[in-house]
Amino acid sequence: MQGFLAACQSGTPYSPRESLVPFLLASTRPEARQLMPAVSLGARLVVSHQKSACFARLPAVRNSLVNTTVPPSYRVAPSTARGNRSACQSLLTINRINKYRSVGTATSEVDRFFSTSQRMAANGEVRSKRKKSPIKVMDRPSKIYKHDPYPNEAENGHSPEDDAYSMETDGEDRISLPPTTATADSAEWQATIEKVVRNVVSIHFCQTCSFDTDSAISSEATGFVVDAEKGYILTNRHVVGAGPFWGYCIFDNHEECDVYPVYRDPVHDFGILRFDPKAIKYMPLTELILRPDLAKVGVEIRVVGNDAGEKLSILSGVISRLDRNAPEYGEGYSDFNTNYIQAAAAASGGSSGSPVVNLDGHAVALQAGGRADGAATDYFLPLDRPLRALECIKKGEAIARGTIQTQWVIKPFDECRRLGLTSTWEAAIRKLFPKETGMLVAEIVLPEGPGDKQLEEGDVLVRVNGELLTQFVRLDSILDSSVGQTVSLLVQRGGKDVEVELSVGDLHAITPDRFVTVAGGSFHDLSYQQARLYAVPVKGVYVCEAAGSFKFEATESGWIIESVDQRKTPDLDTFIEVIATIRDRARVVVTYKHLRDLHTINTSIIHIDRHWSDKMRMAIRNDTTGVWDFSELAAPLPAAPLARCKANFVRLDTVGHPAAAEVIQSFVRVSCTMPLKLDGFPRARKIGFGLVINAEKGLVIVSRAVVPFDLCDISLTIAESIIVEAKVIFLHPLANYAIIQYDPSLVDAPVKSAKLATDTIKQGASTLFLGFNQNLRAVVTPTTVTDITAVAIPSNASAPRYRAINLDAITVDTGLSGQCGSGVLIREDGTTEALWLSYLGERSPGTQKDVEYHLGLATPTLLPIVNQIISGVIPSLRILNVETNIVQMSQCRIMGVSESWIAKVAEANPSRHQLFMVRKIDCAPPAGYDDQSLHEGDIILTLNDKLITRLSELDIMYDHEYLDAVIVRRGEELALRVPTIPTSDLDTSRAVIFCGAVLHAPHHAVRQQISKLHSGVYVSVRTRGSPAYQYGLAPTNFITAVNDVPTPTLSAFVKEANKVPDNTYFRLRVVTFDNVPWVATMKKCEHYFPTMEFAKESGTGEWRKRVFGKEGDGVGGMGGVGGGVDEGGPGGEDTLEA
């Protein structure tokens, strides 16, 4: 105890071997009662915001705790932290924290609860939602999923700010009591727990795609059997989810069976899963009896569940309140129009859906949420409505749910009096309900709903159908039995009686049970949940997956489509009719609003993709089978033939540089959209500018930071007026540029071919900088070349992706160079001396944003390749598989380079006395390297008798299978015949989507960063909510075998994977990027994640997509080649994880 108090006063962590909290929570002995005042003070210590206030109470704590003996029977052994996956749950620790504790919330859920909108609002980017919760943000609880084992993994194309948010505090040091695991202290409790645990199951599940308020996740939770004969399990709605669900449960004896949703309540936080009782063979099935009537203040309870991801954990507590309003979880799903039970149990991740049992072993409540600030407070859902739903399901009856589209909250009598409750009605209520302390008050009345213009916020509910009423349970009962009828409500408004007649609507009718996927995005009618959250009418087409053609800027969710192609889309059926008439590759105007800002109408022109995402599918929930049924709607209409258009370029006469006015006619804007994430590239869409190098043939050169690979759609905007399609002709493996081609016959504009300089620009030379800034506007300024030197673009450690190497980069003396990712350096006569390009670098560990470097590339290095392409020859380059860095003469002398060679270097390159050392060699091919290959640390002197003092002189390697090299190795001069490697094998030409993971051969960046290729099957990205995500198959892994059959190539993998039946477990042998082997067991789910392939045809170079087996339903993130994908490293820009 002395150590405990000293830790409190010093603010240092304290971890005693004898935990006090289990003793206090679990025991009813006199020793425990002696400590109850201290527990009360401890609770206040937890939630206190002011450090001074905390310490002011310490003397009282000292008086209550010092010299108190904790009986040995209540000792709890110190737990072992489970890495980054869960917190230590069984130690009493006083910690300083500056973040909210995610009490039992998977990181994927924190992404929603502490969501983008909250962060954006905090940064002043958007306004907060229209209707704010009366509960302070810091008091909002967290749902209780298991913690995400990869809390910082991003979704490919997903902005890093949208990932893994935990709410920051105001910076004050905070004292918190972490949750503790209690031990049963009596024979009665031990017997009860022994019976209960047989009914409790651990649920492992995936919500396979974004739907309504839920994003795609993979997590764990808890449930318990409520009907052993028919196989029903009760858990939370936020576990079952509103959308497609895929999962299984594990019983106490570790038997496993699949589970399927049969019901999720539209509002309340409970859902019911079905399993096959015959699948459980080695233990007798029993069920827990639901007894909502036994939940009373002061009742000692146990929460039995999958706490913090453990198989089974038992937490103790005492019910302290029965009349708490439903907890508000922020921007995502929240329960409402019900009271909650409050107790101190400190449940953690994975305990969602746990039964709350009394000493008799009856379930008296359902675990649902907990505080996120470290306080040991949990919120339980009463079982009245779950019991009713279960009885209806058992009888085969429909579960009627009525609504007047009004949210009510419990307010105490003193607040009700301030709202106008008269003493007469208060007296009547108190007389009929002597234990009640409050009444129901209207909090939100939805516009255009049954209560609109009849009820008002602040109305105090007195009677329903002539019956005095203060409880949600009775109100729900009346509404549920009155669907399609009217009810009479008497409310008090400002001291006056107001009686209204309201029509009761069907709550299921305003809860989406279908969605449509088209052009990469997913849509459904706006739900009652979303409408209630923002106090808007329940109408409109909601974008539940803003991806593909409908990947709007800023945020990913919350958009309402107003119109498409100049036609209104008030509901989903109209939206489908409109989209069905739009041709592939068409550009249409879309207007849309965000739920957080309905005052602003956004307008965008989008490119409709019906070739990569060719199917338009309707998904409809089937509560009989527990899966979603898919059907194809309208087939894609072919693209319309393009017509020739006329335009003129903007004039830059005002800049005072005629050369710039001429060069502007050689620039086109390039928009590149990638339908699938390959090669670790972090974005799904990039925009930049390209330089026309041959207007007659429509050839344009552009940075590979804009066009990273050839599986893409490229649009060129010429003269800010004409839009044409383009395709990739050539990708340079090292020098960071691509050459693309458009059809010049479609362009009637004065496009000019850029004149490329044949001599290299010099350091100190004056030049004219013309670039395009972040607003895509041209800027011009005279400048000076400050340096031309070899640069090393940093590699990205978490997910290897293309980067330029072995290049001389140009820097200039103007601040505009850092603002412009595209441009040129030109002479006064208009000759282009250098390209100004964006170079994709590493991901910043601090901001989790991708760094781009803006540098110049001298044009003479381009000419040999450009000239071949203009003549109609596509170069097939060979390269040395090495990365070099500069060594100065002082270093060369130490490393064994002779004085004669040093003199030759000074003569060959008077401005730069330098040679190049092999810094890194790409991983060896399967056959290994021979004794003629270069080694790391070699200093290159000559190649084919040419002294190499400039990186551009390495270009000699492009056309030779072997190079005669003179090198210095370990102080010895050697002559080698060095082989080069073809670059045709370095580009990805085939990708397979399997169980939600994108697999392809290791691309060039992987070979640059790894010492050994373990397999030809590399995991590039994976989808959130997929089997790959659930079973831990991570990006940058290599798959070496399927069911112990080696898979050295992608073809071998596909052959073995196709042998695995659907919904069946199989084994994968995997090696991590850091050479750690492990075995993954996975289960196929072809219904939601069909196996498909993207492959480039050898003859035409065109990419084709095909689906293996049955034509896949595919509503997971990859089903429509979009969705939430994991990148393998923290951060990202889009909704894919790569």
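Is Glu415 buried, partly exposed or exposed, and what is its relative accessible area? In this predicted model, Glu415 is partly exposed, its relative accessible area being 28%.

**View 1. Salt bridge between Lys411 and Glu415.** The side chains of these two residues form a salt bridge with an N to O distance of 3.5 Å. Lys411 has a relative accessible area of 19% and is buried, whereas Glu415, at 28%, is partly exposed. The two residues fall into separate classes because buried means under 20% relative accessible area.

**View 2. Salt bridge between Arg803 and Glu883.** The closest N and O atoms of this pair are 2.7 Å apart.

**View 3. Salt bridge between Arg969 and Asp938.** Here the closest N and O atoms lie 2.8 Å apart. Because Arg969 is located in strand S53 (residues 962-969) and Asp938 in the loop between strand S50 (914-921) and strand S51 (939-943), the pair ties together parts that are 31 residues apart in sequence. Arg969 is buried at a relative accessible area of 9%; Asp938 is likewise buried, at 1% relative accessibility.

**View 4. Network of salt bridges that includes Asp265 and Arg385.** Asp265, Asp476 and Asp480 are linked with Arg385, Arg388 and Arg401 in this network. The structure as a whole holds 55 salt bridges.

Key
Residues numbered from 1 in each chain as written. Predicted model: local features only at pLDDT ≥ 70, side-chain atom pairs only at ≥ 80, totals over all residues. Heavy atoms only, no water. Salt bridge = Lys/Arg side-chain N within 4 Å of Asp/Glu carboxyl O. Buried < 20%, exposed > 50% of the residue type's maximum accessible area, 1.4 Å probe, protein only. Helix = DSSP H or I, 4+ residues; strand = E, 2+ residues; numbered from the N terminus.
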